[in-house]
Amino acid sequence: MAVIRGQVAPIVPGSNESKFMANTLWLFPSGCNHGWRGKLGCICEVVVMHFSTVPGVIERMVGEHGFLSVPLNSAKKHLLVRLANRLKPHYRYPILVSELHAERALMDLSLLLVGNVKESKAPQQVGVGWNRVVDAENWLRQHIGESPSINEAARAVGVSPSQLRRIFRRVRKKSPKQILLNLCLDKAMHLMAKSDAKLEEVAAESGFSSATNFCRAFKSHIGKTPTAWRKEA
């Protein structure tokens, strides 16, 4: 979300008070409780966009900082308005190339977000550990509908399960199990937003053993039931 005219006060996790801010872009991760409030009687203009996934570099930065906050100059505000206006017709009346436009907007937003983060100029993480994490995540993502296990993912990328857990803890600061759950929930949200499939079908295609387990996990991590989230989405 970005405020491009007027002021809003972000309500952020772990903070008891929030200051009114202007010309700012925020990015909060999925499942993170947050919100905003405005000044009584004052008008503000905001741009809000939702994406089910983000590039890995953005995910890592959010993981380090909890959320991202970037000041906006006039050029960046105009960019956000252009992106929003460009995406509106694709949101209301999707066509074959709508997903490409969304991906292009996500890349523009990602570059805008990392511009003021000092870690963006740090050397890229390379090596066996990083490659194993990327390969394991890709394998899990490709096999979500088959209810993949961490042991299977470890075998697919050529390491032991215990090695994979250590690598994930070092690189992602999360366990493979946590990453797998996030991938399953992302897949489920994508399915619910793009189709009218029943929850039983969504659960099966997202790697959950039953609709009951899916609803329980979704409510626990997203903060609302799949049905309520779907209505909002």
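Predicted model: local features only at pLDDT ≥ 70, side-chain atom pairs only at ≥ 80, totals over all residues.
Let's start with the rings: the structure has 6 aromatic pairs. A pair like this is described by the distance of the ring centres and the angle of the planes. Here are two of the pairs:

| Pair | Centre distance | Plane angle | Type |
|---|---|---|---|
| Phe 28 and Phe 67 | 4.8 Å | 15 degrees | stacked |
| Phe 214 and Phe 218 | 5.7 Å | 70 degrees | edge-to-face |

Why is the pair of Phe 28 and Phe 67 called stacked? Planes under 30 degrees apart count as stacked, and these two planes are at 15 degrees. Phe 28 sits in the loop between strand 3 (24-27) and strand 4 (35-38), while Phe 67 is in the loop between helix 1 (56-65) and strand 6 (68-71), so the pair ties together parts 39 residues apart in sequence. Phe 28 counts as buried, with 12% relative accessibility, whereas Phe 67, at 25%, counts as partly exposed. Both belong to one aromatic cluster, together with Trp 26 and Trp 36.

Now for the other pair. Phe 214 and Phe 218 lie in helix 9 (residues 211-222), 4 residues apart, which means about one helical turn separates them. Are they buried or exposed? Phe 214 and Phe 218 are both buried.

Ile 95, Leu 96, Val 97 and Leu 100 make a nonpolar surface patch of about 440 Å². Val 97 is found in the loop between helix 2 (74-92) and helix 3 (98-114), and it counts as partly exposed because its relative accessibility is 34%.

Note on methods
Residues numbered from 1 in each chain as written. Heavy atoms only, no water. Patch = residues over 30% accessible without salt bridge, like charges linked within 9 Å, V, L, I, M, F, W, Y side chains within 5 Å. Areas by Shrake-Rupley, 256 points an atom, 1.4 Å probe, with all protein chains shown as cover. Salt bridge = Lys/Arg side-chain N within 4 Å of Asp/Glu carboxyl O. Helix = DSSP H or I, 4+ residues; strand = E, 2+ residues; numbered from the N terminus. Buried < 20%, exposed > 50% of the residue type's maximum accessible area, 1.4 Å probe, protein only. Phe/Tyr/Trp six-rings, centres within 6.5 Å; stacked < 30°, edge-to-face > 60°.
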